[in-house]
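Me: Please take a close look at one part of this model, the contact between paired chains. Start with the setting and the rules, then go through it piece by piece.

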Protein chains: 4
Amino acid sequence: MIVVMKHNATPEEIHHVCEKIKELGLTPHVSRGVERTIIGVIGEEEKVRVKPLEAFPGVENVVPIQRPYKLASRDFKPEATEFDMKGGVTVGGKKVVVMAGPCSVENREMLMEVAQEVRSAGARFLRGGAFKPRTSPYSFQGLGEEGLKYLREAADKLGLLVVTEVMDTRTVELVSQYADMLQIGARNMQNFDLLKEVGISKKPVLLKRGLSATVQELLLSAEYLLSKGNFKVVLCERGIRTFETATRNTIDINAIPVIKQETHLPVIVDPSHGTGKWEYVAPIARAAIAAGADGLMLEVHNNPEEALSDGPQSLLPKKFRQLMEDLRPIAKAVGREL
Amino acid sequence: MIVVMKHNATPEEIHHVCEKIKELGLTPHVSRGVERTIIGVIGEEEKVRVKPLEAFPGVENVVPIQRPYKLASRDFKPEATEFDMKGGVTVGGKKVVVMAGPCSVENREMLMEVAQEVRSAGARFLRGGAFKPRTSPYSFQGLGEEGLKYLREAADKLGLLVVTEVMDTRTVELVSQYADMLQIGARNMQNFDLLKEVGISKKPVLLKRGLSATVQELLLSAEYLLSKGNFKVVLCERGIRTFETATRNTIDINAIPVIKQETHLPVIVDPSHGTGKWEYVAPIARAAIAAGADGLMLEVHNNPEEALSDGPQSLLPKKFRQLMEDLRPIAKAVGREL
Amino acid sequence: MIVVMKHNATPEEIHHVCEKIKELGLTPHVSRGVERTIIGVIGEEEKVRVKPLEAFPGVENVVPIQRPYKLASRDFKPEATEFDMKGGVTVGGKKVVVMAGPCSVENREMLMEVAQEVRSAGARFLRGGAFKPRTSPYSFQGLGEEGLKYLREAADKLGLLVVTEVMDTRTVELVSQYADMLQIGARNMQNFDLLKEVGISKKPVLLKRGLSATVQELLLSAEYLLSKGNFKVVLCERGIRTFETATRNTIDINAIPVIKQETHLPVIVDPSHGTGKWEYVAPIARAAIAAGADGLMLEVHNNPEEALSDGPQSLLPKKFRQLMEDLRPIAKAVGREL
Amino acid sequence: MIVVMKHNATPEEIHHVCEKIKELGLTPHVSRGVERTIIGVIGEEEKVRVKPLEAFPGVENVVPIQRPYKLASRDFKPEATEFDMKGGVTVGGKKVVVMAGPCSVENREMLMEVAQEVRSAGARFLRGGAFKPRTSPYSFQGLGEEGLKYLREAADKLGLLVVTEVMDTRTVELVSQYADMLQIGARNMQNFDLLKEVGISKKPVLLKRGLSATVQELLLSAEYLLSKGNFKVVLCERGIRTFETATRNTIDINAIPVIKQETHLPVIVDPSHGTGKWEYVAPIARAAIAAGADGLMLEVHNNPEEALSDGPQSLLPKKFRQLMEDLRPIAKAVGREL
């Protein structure tokens with residue numbers, strides 16, 4: 001941590017800051033420059049975080065040097081995290097994982113149909129919302145436990161894994177009974193009580209990046225999970241909010257190499273939610289794999305016109321099948337398989 | 001709702017869309033232009049929302065015309081909402097309400113001291129976090145119920161009202177026992193289960209705008225509360241996330257007249273969290289009142305250097321007192337009192 | 001400047017960086033921390049900027065400490081800049097300056113009418129575009145020199161000052177013949193050749209903040225003007241681009257106290273362009289003055305329905321007159337006059 | 001164009017709007033809904049743009065339906081634009097074009113060295129700045145005409161094409177004498193006088209997207225060029241400004257499929273400027289090609305430590321060569337060559 005003093009900071013103010021740093025068991029390291037003085041803080045940075053040094057007189061600003069996350073960082077664990085799911089599926093391994101299915105579970109028949117389609121095209125996870133976070137209270141809110149049952153049934157029948165969203169601390173246990181992986185949605189990325197509860201559950205987690213979350217904040221939310229002992233965490237880039245309105249959100253492909261550099265955790269991309277238009281899903285899916293993503297989450301619906309949510313961004317099964325074919329040579333080009 | 005067809009949409013595609021619209025009990029109104037055809041939809045727009053018309057072949061995009069919120073809109077209730085709290089305090093009335101106190105409740109003594117200071121300077125609500133949403137799992141997470149007790153004690157002793165954050169559906173009841181107003185924080189603005197639970201509780205609510213939420217989304221979150229029968233809702237602008245880093249967030253003063261035009265609900269501003277620097281709090285507080293805000297939420301700490309959170313943005317009691325003085329003529333200039 | 005070395009930087013890499021710093025005549029100051037080493041650079045920071053230290057092996061990132069602008073900074077000139085225009089008008093003084101008029105100069109009669117209205121209501125500058133930067137090549141591009149003549153004529157007749165935009169290095173001389181103050185528009189804030197040319201001209205300048213410019217970048221653009229010897233510079237906040245679409249742009253009121261702290265240059269606000277809707281102009285104008293702005297730029301049109309550009313954001317003369325009245329007590333409350 | 005009337009618009013206000021529309025030779029088409037009336041406007045939308053309908057009483061907002069650009073749109077020209085340069089290079093064709101070289105031309109020797117490296121690795125364009133847009137007036141501003149001479153010399157010797165930036169209307173002719181393609185930088189994307197001048201010059205143009213420009217605004221800037229008769233335009237995505245600070249800008253890979261759908265013009269990506277870190281250049285370059293980009297612009301420097309600008313984002317020649325190898329199978333996977 002570096003404390004930058006104001007241009008006109010007095011020797012007393014500089015001394016006062018140094019004293020506080022020492023009080024915390026750390027060592028201040030003063031560099032007097034032509035224009036201003038800076039104080040390097042040697043030792044465990046977290047100790048200083050407790051004190052809001054910026055509130056001290058004469059302090060201009062405080063520049064953290066260490067990353068605020070520990071367990072999630074590459075410094076802590078240099079090798080990439082891989083974890084096994086049942087059915088021989090590995091997340092973060094050489095094989096790119098594909099999670100596919102409808103936005104919402106709407107009924108048993110439709111889910112079964114879509115599940116068969118995505119399974120036969122090569123997906124290993126079945127996605128589908130039973131509890132849906134909807135912007136409007138008047139929109140379809142999901143089937144709840146009924147939806148979870150359909151997901152489990154379809155997955156068991158076809159040898160798929162279930163990934164589905166949990167929105168509330170009170171339903172972590174319920175959703176865990178049916179799901180193989182718990183999804184924490186973008187809007188709940190900083191619902192810290194939910195993070196803690198899912199951390200404790202030890203279930204594999206898919207943590208989606210919030211609409212306006214930096215990569216650093218995403219990793220801090222992952223740290224909530226890891227610090228509760230849950231290391232089976234996969235991150236998901238699903239688009240950030242920018243000024244551009246041509247796509248629903250702006251998928252931040254740049255985040256993939258950044259995440260790969262900063263953390264050992266695997267990362268996948270959700271081009272369906274991010275772009276909001278099925279026409280853009282295939283190019284962004286290709287880009288994600290080319291950039292080094294460990295997997296994809298894709299919406300597939302056999303009748304987007306009748307979808308109760310997010311029809312415009314859903315791929316028809318045949319388009320999904322085509323996309324899977326198109327992704328294979330790209331995966332190979334970057335040393336992966338699909 | 002207006003359905004804009006693609007340049008090259010076929011008559012069959014246009015017909016197909018019109019049939020769907022009629023099936024829903026609505027009336028399509030076709031306008032054939034030189035370059036493209038548009039279809040106006042007459043009737044209750046929500047019915048159409050169920051069908052994702054953008055997924056229909058030949059459709060370019062769908063433009064909603066009606067606002068997606070109902071109970072929160074000025075169309076529904078043209079006169080401004082005012083509601084009474086105990087102790088003769090009215091939110092949304094002629095008198096501007098000021099909520100002040102420390103970021104976090106740190107201990108009993110400090111809270112009592114700050115509470116006295118803000119009370120004597122004219123604040124009517126005591127703010128302070130007992131449950132704290134912290135970006136890092138290693139930061140101080142709040143005193144929990146102990147903090148709530150201190151808040152209640154200080155408020156009762158001094159004739160203040162307590163506003164404090166509730167972060168989890170499981171603690172709505174607990175927090176409601178101590179607080180006069182429940183705060184839903186920016187990170188939980190789209191925690192829909194929490195919104196529902198707080199809506200059911202019927203407690204007065206302070207709903208903070210999310211970091212990347214549009215005003216429309218803020219009003220949809222308010223709609224979750226209203227649609228559960230809870231009409232005692234006050235909105236809070238606390239800064240949005242932009243590219244500018246000179247301030248922690250960018251307080252969107254523009255949102256005040258927009259909110260005043262769109263909804264009947266009162267709105268206050270939190271310059272402490274929004275700017276992140278105490279030096280900027282006073283000018284933004286003045287701007288908020290001048291723009292028509294119904295109140296302010298302000299952080300006051302008697303020793304910012306020792307604050308466990310957000311020290312740099314806290315006003316010292318004497319600065320707070322000065323600010324209250326400075327705000328009076330501005331409130332008067334816009335027909336309000338303080 | 002602080003050079004943060006990577007976690008695993010070798011002693012050779014650290015040495016290599018230090019050698020480069022010394023080569024430039026500066027002093028490296030090494031602090032070895034538990035997790036990483038940081039190197040403080042003592043001396044004139046600009047020298048180091050020439051070398052891209054981030055490209056050196058082992059370097060994680062480089063944190064500048066000194067501000068990149070000099071002449072524009074408060075450190076360089078602590079007292080606020082005021083400058084006199086003819087007719088006894090002072091920019092940056094106790095009296096708030098108001099610049100008003102139509103978006104574009106459309107014809108002589110209309111300009112004369114609006115000029116009389118704004119003059120009688122208290123504006124001292126007549127604004128109006130003769131050269132218009134339009135997003136579309138098919139939009140009205142302004143009357144050019146003819147428009148400048150009308151501006152000069154109206155201003156001379158009524159004792160007003162002319163502020164108008166210059167878009168091209170080739171017309172700086174022409175516009176200077178007619179205008180009292182040259183406006184550099186938001187889209188040209190980083191048109192560096194134009195900045196240099198206007199700097200050389202020594203004409204007073206109104207420099208608008210770019211749509212996605214940070215305050216620091218705005219001050220660097222001002223530095224281009226100052227470094228050519230032109231110190232008569234007034235900055236203008238006119239809205240930044242964010243995700244919010246309820247207003248055309250998001251006027252960043254927070255920028256006012258930031259600018260006041262960082263620079264000695266005066267700053268005004270343009271609520272008409274920033275909000276894009278006349279209904280929001282008055283509250284934002286009030287907020288700007290309350291926050292400490294030195295003036296306002298406002299669009300006034302006597303027949304917005306017929307305006308060739310930006311009708312929806314123009315105030316009718318009677319609304320402008322009312323606003324001027326409403327601003328007086330607010331100006332007074334912050335120690336200013338209007 | 002659709003005019004949405006306010007909830008409480010009177011019949012007179014509706015009539016007034018319709019009359020104006022007819023006056024312009026267009027046909028209003030009124031749809032009376034339950035909650036509000038909408039008026040479809042049939043005919044050439046540009047005519048209406050002249051009138052700011054939003055300024056009419058009773059009008060809530062105006063929704064444009066037609067795209068504001070014509071010549072740049074796919075509706076106008078459905079097939080993709082390809083154009084030939086000398087030396088058998090085609091832009092927009094099956095073969096992906098690579099433009100590579102240093103950020104700035106620093107001296108003759110260095111340029112010659114880098115040019116040889118990029119030529120032998122497969123680049124067909126030599127990039128390099130002679131006139132540099134620098135945020136600070138104290139940064140290296142480029143060698144000017146001397147730099148242009150070196151570029152021409154290197155390109156002629158090695159059979160490369162020169163692409164270099166022109167910043168000022170006054171130097172379009174000069175730069176055109178040396179360059180094969182004129183680059184308009186991100187900061188000048190809305191320097192409309194420059195666009196007009198470059199349009200008239202008929203030189204092939206590389207038009208970079210502005211930092212906060214929507215795709216629609218980029219296409220409107222292209223329309224300035226096309227409307228002057230210059231159809232040899234290639235667009236360049238180089239990162240937009242968002243809240244994320246882990247990368248210098250956020251390369252918007254989503255813009256590639258959007259641009260491909262909206263316009264016939266080719267599009268390339270500049271990962272060096274967009275990410276600001278050489279470590280991220282390769283993954284983003286791969287993503288760009290996978291998403292369908294027609295080419296890449298890349299910074300290569302044989303000694304990034306000594307670069308006068310943008311060293312940290314420059315690839316060493318051997319990294320560039322490796323990247324070219326890695327891109328080949330990806331280009332092939334999407335039906336292209338490199």
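Reply: A residue is buried when its relative accessible area is under 20%, exposed when that area is over 50%, and partly exposed in between (1.4 Å probe, protein chains only). Of the 338 residues in chain A, 66% are buried.

First, the ground rules. This is a predicted model, in which local features need pLDDT of at least 70, side-chain atom pairs count only at pLDDT 80 or more, and totals for chains, interfaces and linings use all residues. Residues are numbered from 1 along each chain as its sequence is written, chains are lettered from A and ligands numbered from 1 in the order in which they are written, and side-chain values use heavy atoms, with hydrogens and water left out.

Now chain A as a whole. Its C-alpha trace spans about 75 × 45 × 40 Å along the principal axes. The chain holds 11 helices and 14 strands. Both are DSSP runs numbered from the N terminus: helices are H or I with at least four residues, strands are E with at least two. Contact here means heavy atoms within 4.5 Å. Take the contacts in chain A between residues at least 6 apart in sequence: 67% of them join residues at least 24 apart. Chain A exposes about 10,900 Å², and carbon and sulfur atoms supply 49% of that area. Accessible areas come from the Shrake-Rupley method with a 1.4 Å probe; for residues, only the protein chains shown count as cover.

Next, the interface of chain A and chain B. Here 52 residues of chain A touch 52 residues of chain B. The buried area is about 4,400 Å², with 48% from carbon and sulfur atoms. Buried area is the accessible area (1.4 Å probe) that two parts lose on being put together, summed over both.

Six salt bridges cross between chain A and chain B. The rule asks for a side-chain nitrogen of Lys or Arg within 4 Å of a carboxyl oxygen of Asp or Glu. One of them pairs Arg170(A) with Glu197(B), with the closest N and O atoms 3.1 Å apart.

Which elements of chain A give two or more residues to the side that touches chain B? They are α1 (11-23), α6 (192-201) and α7 (215-226). By class, this side has 20 nonpolar, 12 polar and 20 charged residues. Ala, Val, Leu, Ile, Met, Phe, Trp, Tyr, Cys and Pro count as nonpolar, Asp, Glu, Lys and Arg as charged, and the others, Gly among them, as polar.

Lys202(A) sits in the loop between α6 and β11 (205-208) of chain A. Its phi is positive, about 65 degrees, although Lys202(A) is not a glycine. Most residues other than glycine have a negative phi. Lys202(A) is partly exposed, at 47% relative accessibility. In chain B, Lys202(B) lies in the loop between α6 (192-201) and β11 (205-208). Phi of Lys202(B) is positive and near 65 degrees. Lys202(B) counts as partly exposed at 44% relative accessibility.

Last, chain C and chain D. Their interface has 52 residues of chain C in contact with 52 of chain D. About 4,400 Å² is buried there, 49% of it from carbon and sulfur atoms. The rule finds six salt bridges, including Glu279(D) with Lys6(C), whose closest N and O atoms are 3.8 Å apart.
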